[in-house]
Amino acid sequence: MATVCLVLFTVQYFWFLSITNNSCRRVHTTVSTFTEHIAQQTPPSPRTIYVITATYRRLEQLAELTRLSQTLRLVPALVWILVEDATEKTAAVEKLLLRSGLSFVHLLAPMPEIIKKGVKEKAKRPRGVSNRNRGLKWLRANATSGVFYFADDDNTYDIKLFEEMRDTEKVSMWPVGLLNGGFGTPVVRQGKFEGFYSGWPGRRSFQVDMAGFAVSVEFLLQRPKARMPYKVGYEEDFFLRSLNPLKPSDIQWKATNCTEILVWHTQTKTPSPQRPIDLNLYNGTNIPILFNNL
Ligand code: UGA
Ligand code: MN
């Protein structure tokens, strides 16, 4: 009886081993086919978009950066180069960047004192220029390919814009909506460039808003002298001219031949600061913490 049991047990044991092995093989085969299937389906990685944003300390800064960072979160393969016009990194900005989940670079580029002293009225100063040039310097030192775009911290961006700019070979351009019912745009007839339409042509060769163009990193790297000047009203024009040689035939007209508005030049109303508050009255509550986090 014991012998019969042993024989039966041994037969069962080998039968069990054979099915487990088989099922293991089956699982393995399935996994490897599945892996190959995934590998075939994975599209090539998208080109990186480097978004260079100028920012500076003011009451509305954190609100602007929150909105922009959440827009950028929706765009794949993006690096946010955030450049503060400040001599020290703002702790709240650093915290926002860390929380954002974005790939980012946090840099400083204060507006030169000579510019501040030379132009007393803030509105007449060339704003964001030191920041953008610092972003370009970072790209020259760290990037070899991709696309870059100057996205000011206060504008409004449709995420479709980023997919439009991703295949920029040299320079691409598109319309920018204004809040006065107007816009600025290249004039395009049947895919051919005819000039620019702008509320303020000035004496500009490129009548383009800062938000209205992107440039390929490779194209920038081939132009070591390209930079943005401290010339109010002519920042975009002189920068694009510094990319010379740049012909209209080098430019891709985006947003369905410049018929769609995918970015708005918006501005947040400057708030009047709130009344001072006696924080001692709120010792130990959340109120002092909130003030500290602003
Ligand atoms: C902006 C640009 O500053 C001009 O260079 C550009 O000619 C113009 O748009 C345009 O697109 O045609 P505006 O929107 O009036 O002009 O300027 P702001 O939004 O006040 O500043 C532009 C950027 O520079 C913002 O990202 C802002 O955060 C930053 N900025 C502003 C600084 O870094 N420092 C400052 O002192 C002021
Ligand atoms: Mn602005």
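I81 is in contact (heavy atoms within 4.5 Å) with Y50, V51, I52, T53, V105, L107, G135, W138 and L139, leaving aside its neighbours within four places in sequence. This is a predicted model, where local features need pLDDT of at least 70, side-chain atom pairs count only at pLDDT 80 or more, and totals for chains, interfaces and linings use all residues. Residues are numbered from 1 along each chain as its sequence is written, chains are lettered from A and ligands numbered from 1 in the order in which they are written, and side-chain values use heavy atoms, with hydrogens and water left out.

I81 also belongs to the largest nonpolar core, which has 35 residues. Such a core is a set of buried Ala, Val, Leu, Ile, Met, Phe, Trp, Tyr and Cys residues joined through side-chain atoms within 4.5 Å. Buried means under 20% relative accessible area, exposed over 50%, and partly exposed in between, with a 1.4 Å probe and protein chains only. I81, F148, M173, F239 and L243 touch the most other members. Helix α5 (residues 129-142) gives this core its largest share, 4 residues. Another core lies apart from it and has 29 residues, including V51, L68, L97 and L262.

Now to α5 itself. Helices (H or I, at least four residues) and strands (E, at least two) are DSSP runs, numbered from the N terminus. α5 has 14 residues and reaches 20 Å from its first C-alpha to its last. That is close to the 20 Å expected at 1.5 Å a residue; the expected span is 1.5 Å times one less than the number of residues. Its buried residues are V129, S130, N131, R132, N133, G135, L136, W138 and L139. They pack against the strands β1 (49-55), β2 (78-84), β3 (103-108) and β4 (147-150), and against the helices α7 (217-221) and α8 (235-241).

Charged pairs come next. The structure holds 15 salt bridges, each a side-chain nitrogen of Lys or Arg within 4 Å of a carboxyl oxygen of Asp or Glu. In one of them, the side chains of R58 and D153 meet at 3.0 Å, N to O. R58 sits in the loop between β1 and α2 (61-72), and D153 in the loop between β4 and β5 (156-157), so the pair ties together parts 95 residues apart in sequence. R58 counts as buried at 15% relative accessibility, and D153 counts as buried at 5%.

D250 and K247 form another salt bridge, with their closest N and O atoms 3.4 Å apart. D250 is buried, at 11%, whereas K247 is partly exposed, at 48%. Shared partners join R58, E60, E64, R67 and D153 into one network of salt bridges.
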